[in-house]
Amino acid sequence: MSKMYDFSQLTGAIDAYLRANMSPGWAVFTELVIIGLVALLLYALVGLFLVYLERKVCAIIQNRYGPNRVGPFGLFQTVADLIKLLMKELIPIARADKFLFNLAPFIVIIVSFMTLAAMPFALGLQAIDLNIGVLYVLAVSSLGVVGILLAGWSSNSKYSLIGAIRSGAQIVSYELSVGLSLLTVIIFAGSMQLSEIVASQADGWWLFKGHIPAFAAFLIFLIASTAEINRGPFDLAEAESELTAGFHTEYSGIKFAFFFLAEFMNMFIVAALGVTVFLGGWMPFHVGNWEGFNQIMDFIPPLVWFTLKTFFVIYLIMWFKWTFPRLRIDQLLTLEWKYLMPLCLINLVIVAFLVMMGWHF
Amino acid sequence: MTMSEEIIIKDIIVGESEDYMINVGPQHPSTHGVLRLEVCLQGETVKYLIPHIGYIHRGIEKMCEFDTYSQIIHLTDRMDYLSAHMNNEAVCLMVENALQVEVPERVKYIRTILDELNRLASHQLWWAAFGMDLGALTTFFYGLRDREKILDIFEESFGSRLLHSFNYPGGLMHDVHPNFQKRTKEFLSYFRKKLPEYNQLLTDNVIFHQRSKGIGYMSKETAIAYGVTGPSGRGSGFSCDVRKYAPYSAYPVVKFEEKLRTEGDTFARYLVRMDEMVESMNIIEQLVDNIPEGDFTAKMRPVLKLPAGEYFQRVETARGELAIYLVSDGNKTPYRMKFRSPNFSNLFVLNKITAGGKIADLVAVSGSLDLVIPDIDR
Amino acid sequence: MQREELTDFLKTHFPGSVVREDAQYPELTVAAGDLTQTAAELKNNGDLAFDYLICLTAVDYKDKFTVVYHLESTLHRHLLVLKTEVPDRENPSVDTVSRLWPTADPHEREVYDLFGIRFNGHGNLQRLFLEEGYGFPLRKDFSDETRVLTLS
């Protein structure tokens, strides 16, 4: 633990430097600008990489090569796609509600950006560390559904409307399961603050410490968050074979790029959230009190741990999508209301009991 | 609400204000081909649908009245292009029976092997597209990857992958490539190992069961009444395999089963086709080692004139019963040639079996009926 | 039933119609007025039980139309060809059988589209492939100079 580099040293140093040279107001402003730029850069780069990764993973599962022409191993494929999307004509829709039509992609992007700010990437490397961290993330990500509904409604097209309504029903339902499954670990850890949840996993990840209830909660979280981000077996809202592209049918060019990017970044965020809460965040793999083992594990920097774990979860999510057929909307909602939510509630009661009796590790 | 038994849509049902019509097609990723379905929806539920066809009507029956019989072979290829070989064979058999020509045994065996290879390739493409429609996008690649092996065999012997026009009244256009037997056997051993993968990916998947069991139920009476033949009819228990009831070519000498299921839902139709793939492989295996030596064609006159009269020939394509009704007046072109295409009858049962279901079910059901639109329009 | 049995049965059961035995399948030709009754009898009679209508089409013999029905029984596995003649070329019409065999619904629309034969009692007699106002292409006296090219 002591060997881990604490990023708050770096941020503290920058803060001191700025305050020494500018008035406090300007210093704060500059810090905000720096954080914003870094976060934007991270968002863009990770997003670009994820799009490429998806195509490669999809290709491997489907027994073919993915992109391998543009750049070494096809790495610049996404850049090429981005340039293409930026240069596409923005097709204005007749009789569409122009203000809402233009607003919708921005809402979606802003929401996912705001949730990114709360993720702990390493010790001290976290933009916002609220003491209600988990609640903040859940609340903000719920706003994404507004963007989707606006997109579907303002497109003035039956297909988009069907897609948006389906998506709205789906997201609103699955938020419950996501929240309840996260609640189990909050009960274990005793706090909603994300950095504290990570710190409490210094002697083992909650997935293992919390044994069966935590494992069940992790599985439910995985399923529910895949449904939240409209991916995998739950992508009825943008089912190509039925409704062309669902709520973002009518979008072209940069606005479509926003939806597209937001979907991948949402995937990153739910993976990061799951990793933080269940798999230890940036905490290396520690087992109880095995000091020697833990020391070895500490050699790998926390940032690397975080990245590996997040990409593992992302890989799982991608794996689902390319293997399973889609669920129908009523089957999807049945799954949530009749199976996942009762399971979550029972799990919660069990966990509360465990914590009360002190039977967890 | 239940749909009434009235099959003729005479009046537009006076709808409540929540009804709206959407068009599925003619350009749509999942109606494979140009088919327009006008679907009346109430929320997510399909109340009724009206198919509109004719986007690819080429007037094949009219063209047949001006073409000689060997030219008609090339037209029939393009009807149900995934069972091109069976379509050609139907015309050839009709001409041969009318002229009472005895084709060599070799021709019969090769025709049957090619029939079954064609049926396999067609079912593989159906499986690929069906999985893709339901969202399991990987099935598309697996199915087509294996289908390429069959198309390679075809290309080696005939020069083209899909539309061969290889059959000719009296026999074949030319003999098959010397590698044909070897490659077919290689393919059989390869595909037998791959088929369990198909079952692992789709057949045993719980989500797939939810999407297909109990969906699009068609009773046996409905299947007979609407003339739904082929695997779609056999999924409802309608025993209609022309290879059993009116065998032709080498079918009398092979042992195979007609796969029937009684559940009548999408899953039953799916399983019938999967079983048929295995049966096709069994048939090919029985024949491929025993192809008799001999001529690849019987001696035919250069200009074929059928005696005046009426002829009726039926074959089993991958989708059902193709029947050709020919009226000849003794000339070298037919007087009237009517193609009873299986997809034409199969399409019009769609309204009956999807009413009351959801849009997502419409996609699953029309995928399980395996429609090829050029066959409907001719 | 075997072929001779079937033809004998038809001769006794439908005295007013012509039974032909020397074609590929037994043929029964009825007058247009008797069509509905005959068709109903063919379907509902337990010994005949023709429940599967394979094909419904029409042929244009230059002085008349003939509507041809190919029927099969899934129970007894015998096949029959039913024919009616329609001598009127100006306004040809015949009764519908779509109430007995629902598959006849689209087939009759196709015959109407391509020949112009109307089917009385069909609830939805609209053209299937072609547009309204286009002629009837499969008639022998049809010609469309602009769109149909005949190579002689």
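**Chains A, B and C: values against definitions**

Me: What makes up the secondary structure of chain A?

Reply: Chain A has 15 helices and zero strands. Helices here are DSSP runs of H or I with at least four residues, strands are runs of E with at least two, and both are numbered from the N terminus. This is a predicted model, in which local features need pLDDT of at least 70, side-chain atom pairs count only at pLDDT 80 or more, and totals for chains, interfaces and linings use all residues. Residues are numbered from 1 along each chain as its sequence is written, and chains are lettered from A and ligands numbered from 1 in the order in which they are written.

Me: Why is chain A called as compact as a globular protein of that length?

Reply: The radius of gyration is taken over C-alpha atoms, and the globule rule is 2.2 Å times the number of residues to the power 0.38. For 361 residues the rule gives 21 Å, and chain A has 21 Å, so chain A is as compact as a globular protein of that length. The C-alpha trace of chain A spans about 65 × 55 × 45 Å along its principal axes.

Me: What share of chain A counts as buried?

Reply: The share is 42% of the 361 residues. A residue is buried if 20 or more other C-beta atoms, placed from the backbone, lie within 10 Å of its own, exposed if 12 or fewer do, and partly exposed in between.

Me: How do you know that chain B touches chain A, and which residues are involved?

Reply: Two residues are in contact if their C-beta atoms, placed from the backbone, lie within 7 Å. By that test 25 residues of chain B are in contact with 20 residues of chain A. On the chain B side, β1 (19-24), α4, α5 (138-158), α7 (206-212) and α14 (359-369) each supply at least two residues.

Me: Why is chain C also called as compact as a globular protein of that length?

Reply: Chain C has three helices and seven strands, in the order α-β-β-α-β-β-β-β-α-β from the N terminus. Its radius of gyration is 17 Å, close to the 15 Å from the globule rule for 152 residues, so the description applies to chain C. Along its principal axes the C-alpha trace of chain C spans about 50 × 35 × 25 Å.

Me: What share of chain C counts as buried?

Reply: In chain C, 40% of the 152 residues count as buried.
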